[in-house]
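This report concerns one interface and one group of strands. Please consult the sequence and the structure shown below.

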Amino acid sequence: MAKYIGKRLLYMILSLWMIVTATFFFMRIAPGNPFASEKKLPPEIEANLNAHFGLDKPWYAQYWEYLVRIVNWDFGPSFKYKSQTVNDLINEGFPVSFLLGMEAIFIAVAIGVILGIVAALKHNRWPDYTAMIVAVLGISVPSFIMASFLQYFLAIKMGIFPVARWESFMHSVLPAVALASTPMAFIARLTRSSMLEVLANDYIKTAKSKGLSRGVITVKHTIRNALLPVVTYMGPLTAGILTGSFVIERIFGIPGLGAHFVTSINNRDYTVIMGVTVFYSILLLVSILLVDIAYGIIDPRIKLAGGKKGE
Amino acid sequence: MNKRLSIFFSMLLVLSMFLAACSGGGDNADGDKKGGDDGGKSDVPQELRVNINTEPPSLNPGLAEDATSGTVLRQILEGLTRIGQDGEPENAMAEDVDMSDDQKTYTFKIRDAKWSNGDPVTANDFVYAWKWALDPANNSTYAYQLYYIEGAEAANNGEGSLDDVGVKALDDKTLEVKLVNPTPYFLELTAFYTYLPVNSKVAEANPEWATDAGENYTTNGPFHLTEWSHSDKIVLEKSETYWDAESVKLDSIEMIMINDPNTELSMFDNGELDWAGAPTGALPTDAMQALKDEGRLTTQPIAGIYNYKFNTTVEPFNNVNIRKAFAHAINRQEIIDNILQGEQLPAMAIVPPTMFEENEKGYFPDNDVEKAKEFLQKGLDELGYKDASELPAVTLSYNTSEAHQKIAQAVQDMWKQNLGVEVNLDNAEWNVYLDKINTMDYQVGRLGWLGDFNDAMNFLEMYRDADGGNNSTGWESKEFQDLLAKSSTETDADARQQLLKDAEAIFMEDMPVAPIYFYTNNWVQAEGLKDVVVSGLGDVQYKWAHFE
């Protein structure tokens, strides 16, 4: 196991290096620079700025400097937000996005799995249809429409929740639900289909003929095996949701990390682009690793070390 | 029965989670509503809640370079002058201003004012702040706003020394400023944020003084910076040490950062904000008409213009008649009524009517198709084409945005209908777009301009030199340059105004730019809210604001 994890960590560093390199070069190929604006700067000021931020150095020097910075976990100052460093932006934004993300993941998994199980157990009957209509809606309605819809009815018309902002638990409910709706629907469908598959297996028939109660069969034999695809999906979902959603954070005015993924690119804020990319990549790589480890715990047939089964 | 029950319970679970989340929220929302807009009572809470869209990139006046930072700075720091409620500069930190006969030396007497930590405001605080911005080591992008001062430009680009900059503290309370040229709008500039003072004692001791609220962020304006939670909100409270604290009625201002016009309006409608829309935020375009019909919308023209620039170095726009034909063949009113819906003014001139009143009419009538056709034929003859169908398709460029796209499509259609010219649209991401414009890799392209100070010069001088950073049309004219040069040494205000008008006339005669519309600010505000002052430049001040 330790050997396996060690090997995986090595691969992770390699992937990270490739991501950083690709981002660095794509970013520099893109036209424009952090100081571009409708009002053009006098050239001597622009030259001065380029020198200050080291943008006048040859690319390999900048690239090397950047790699050193990542190793030291010091991404440098933001070009646009002069009162904050990139580390500040991440340290302040991530906890907010993390909290909101956890709430959304909880809603998505709890409701998604329940809906999926109910749908599978009541296959082709009304609970199944109801659950799947909810799921189709969840997948097909984009999150920003869901967000505006929730805002309009639950906040403006009914006055139950505040419209936006990030102050108390009440403020977090609408964005969490909006953020959760798509993954929830996805999880419901995944659970349903894999439940149906498992239910058709011979060992379920055996369990039934042994005279086991329905509850035992469902919990012990079916759900455990049916959750594997859901766990697979959890890896990228966690990384994606925990780092924040641009759209949801914008609509609800949440000071999270999500906005920086998009605005930093529009601003050509090089240090922020690299910082959030590296941060996101690490989160993604780690959560994929955790998912692979979780496989082994849920399904003993999957051997992590030594076996030939790939990921 | 058992199965039914299990479904029933799981559904119940879902429902109860939902309801649990709902209950208890009621009082919260009510509480939010109480805060603001039920005016009329004797002791209305004097707490203003506005949206400023985004995190201000910097609250150091030397580094600020954007409207959001300016909005916050204007409330907490005070310059030598301040733009008054009538739009004219009035004395602020300066108690008395004395101008020499050649209008190149100003002597400011600083009033007895205090920083929020009790330090007196001295002439040296201004010298320190301005020289700090000009110091090339500090990388101030807006340092060029100070180039009116003698020796400032040289000091900033490293050719001169900071010691030679023409700003001096004669004593603690007397500041002397020497200018390069007579600058009739200099007292407007001293109200601008790059000219704001900095508490030199604090800033010298702690170079990072402006990154957060707290004891290091000392203020000398009507409000004090109490809280700054980045990307979330800023809280200002009335300053007790402000020299004119009597005029300040608001106890606090909460500035939140929501970058979504729909949310902003929803929050306003829900009583969570006292102001929605310009100049600090934005209203959704779809809502404009409804707000107008309900009579809730306030519209105010500001000094800003939306232009279609012509690249005068390439065919066919190297021909003046072709440029004129294209400029005449646009129905601006139709664009405003159907696309923008914000009561903007059609622009047939380059200097906004907030500066030259007669420019409301402009130099030519809007949508003059007959004239356009004449110009087109003349231009085609000069270029050696028989008719418009022979003209190669023209490319109209804009940067990605719904409004720019809709306008471009409308103009494409107008040029096709009115002139019979084929037009291709070319859309690019903002930075890519700026790159194209700056390298003259375009034929016709949109660009906006918002005034920095209330003077026509601000809208004309960018076209002085063909290679000037903001010209991007490739156009220049000796006559135009001469008039601008004359205007900057002219000390008589009326004569100077006339020189600038003549320069504008030359510009419009050559038409390197087709003006489209002059900007307006549109907003809705809470009923009891009074005396929020928005200047002709679109700068907002809350000094006098109060709830009734």
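The model is predicted, and local features need pLDDT of at least 70, side-chain atom pairs count only at pLDDT 80 or more, and totals for chains, interfaces and linings use all residues. Residues are numbered from 1 along each chain as its sequence is written, while chains are lettered from A and ligands numbered from 1 in the order in which they are written.

**Interface.** Chain B places 48 residues in contact with 47 residues of chain A (C-beta atoms, placed from the backbone, within 7 Å). Among the elements that each supply at least two residues of this side of chain B are helix H1 (2-22) and strand S16 (444-450); helices (H or I, at least four residues) and strands (E, at least two) are DSSP runs, numbered from the N terminus. The most comes from H14(B), with six residues.

**Strand S5 of chain B.** In strand S5 (residues 105-110) of chain B, the covered face consists of Tyr106(B), Phe108(B) and Ile110(B), and the uncovered face of Thr105(B), Thr107(B) and Lys109(B). Two strands pair if DSSP finds at least two bridges between them, and S5(B) has the following pairings.

| Partner of S5(B) | Sense | Bridges |
|---|---|---|
| Strand S4 (residues 94-99) of chain B | antiparallel | five bridges |
| Strand S7 (residues 174-178) of chain B | antiparallel | five bridges |

Thr107(B) in S5(B) lies opposite Asp98(B), and Thr105(B) stands opposite Lys178(B) in S7(B). The hairpin of S4(B) and S5(B) has five residues between the strands, and Gln103(B) there takes a positive phi near 60°.

Terms used
Contact = placed C-beta atoms within 7 Å. Buried ≥ 20, exposed ≤ 12 C-beta atoms within 10 Å, placed from the backbone.
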